[in-house]
Amino acid sequence: MGKKAPKKLINEEFYMRQALKLAQKSFELNEVPIGAIVVDANGKIIGRGYNQVETKNCQNKHAEIIAIEKACKKIKDWRLNSCSIYVTIAPCVMCLGLITLSRIEKLVYGAQSPLYGADLDNISFPNLYKKHIKIISSGVLEDEAKQLLKRFFKEKRSSHGSKFRTDQEKIDRS
C-alpha cells in the first residue's frame, strides 16, 4: 500500500486547485492567468479573485487584491488574522504589501513569477510586516500554474508578435 499524502498537502492542493480555476477564468477573459483565494481559520473560502487588469483598465485589479477585498467585505473587517491566501504565482510587491497589511498569516503560491513576483527569499520587509506572515509555502501545483502562464503567453506571442516574446522567454527560463 502506498502512503497517503499528508493532510496539509491535500488541503494546499485543494485550495490551489480553486485558485487555478480562477486563473483559468482570467485566461478566458484574455487576462494574465492568475487566481487567488483567501481561506479563514476554519478552512472556509471567504474571498476569490482573478486578474482583471485589462478588463477593468486598472493596474490594481490583481487577483490577490480582489480576493482580499472580498474577504474583508465578507467578514466586515480589514484584519484577516488567522487567514491564508493561495495564489497561482508569487505575488508582486504591491500584492505582498497588501497581504502583510491585511495580517494574513499564511501565503501559499504555485509558481515563481520571473517578471514581477517579489523575490520572497531576498526581500527585506520592516519587522512590523514580517511578524504577520508566519508561513510561506511555494511550489504547490507549480507545473499546472506554469503551464497555464506559458500557454497564455504563447497564444499572445503568436497573435501579437514580439511584444510578448520577452515575457515568455523569462517564464520559459524559470
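I take buried to mean under 20% relative accessible area. Tyr15 has 10%, so I log Tyr15 as buried.

**Entry 1: the model**

I am working with a predicted model. I looked up its confidence before anything else. The average pLDDT of the chain is 84. I find that 77% of the residues score at least 70. Residues 1–5 stay under 50 in pLDDT. For that stretch I found one contact beyond four places in sequence.

**Entry 2: the fold**

I listed the elements next. The chain has seven helices and five strands. Read from the N terminus, the order is α-β-β-α-α-β-α-β-α-β-α-α. I then checked burial across the 174 residues, and 45% of them are buried. The accessible surface comes to about 9900 Å². Carbon and sulfur atoms hold 49% of that surface. I also looked at contact range. Of the contacts between residues at least 6 apart in sequence, 58% join residues at least 24 apart.

**Entry 3: aromatic rings**

How many aromatic pairs does the rule give? I count four aromatic pairs. I started with Phe14 and Tyr15. Their ring centres lie 5.2 Å apart. Their planes stand at 70°, and over 60 degrees counts as edge-to-face, so I file the pair under that heading. Phe14 is partly exposed, because its relative accessible area is 45%. Tyr15, as noted, is buried at 10%.

I followed Tyr15 to Tyr86. Here the centres are 5.1 Å apart and the planes meet at 40°, so I call this pair tilted. Tyr15 belongs to helix α1 (residues 7–28), and Tyr86 to strand β3 (residues 84–89). The two residues are 71 apart, and the pair links distant parts of the chain.

Arg151 sits over the face of Phe27, 4.2 Å from the ring centre.

**Entry 4: the nonpolar core**

I turned to the largest nonpolar core, which has 42 residues. Which members touch the most others? I get Met16, Val38, Ile68, Leu80, Ile85 and Leu107. The elements giving two or more residues to this core are α1, β1 (35–39), β2 (45–50), α3 (63–75), β3, α4 (93–101), β4 (106–111) and α6 (142–160). Helix α1 supplies the largest share, seven residues. As background, I recall that nonpolar side chains tend to be buried together in soluble globular proteins.

**Entry 5: a buried lysine**

I ended on Lys106, which I found in strand β4. Where does Lys106 stand on burial? Its relative accessible area is 15%, so Lys106 is buried. I again left out neighbours within four places in sequence. The remaining contacts of Lys106 are Glu12, Cys83, Ser84, Ile85, Tyr86 and Ile135.

Definitions and conventions:
Residues are numbered from 1 along each chain as its sequence is written. This is a predicted model: local features need pLDDT of at least 70, side-chain atom pairs count only at pLDDT 80 or more; totals for chains, interfaces and linings use all residues. Side-chain values use heavy atoms; hydrogens and water are left out. pLDDT is the predictor's confidence in each residue, from 0 to 100. Contact means heavy atoms within 4.5 Å. Helices (H or I, at least four residues) and strands (E, at least two) are DSSP runs, numbered from the N terminus. Buried means under 20% relative accessible area, exposed over 50%, partly exposed in between (1.4 Å probe, protein chains only). Accessible areas come from the Shrake-Rupley method with a 1.4 Å probe; for residues, only the protein chains shown count as cover. Rings of Phe, Tyr and Trp (its six-membered ring) pair if their centres lie within 6.5 Å; planes under 30 degrees apart count as stacked, over 60 as edge-to-face and the rest as tilted. A charge sits over a ring if NZ of Lys or CZ of Arg is within 6 Å of the ring centre and within 35 degrees of the ring normal. A nonpolar core is a set of buried Ala, Val, Leu, Ile, Met, Phe, Trp, Tyr and Cys residues joined through side-chain atoms within 4.5 Å.
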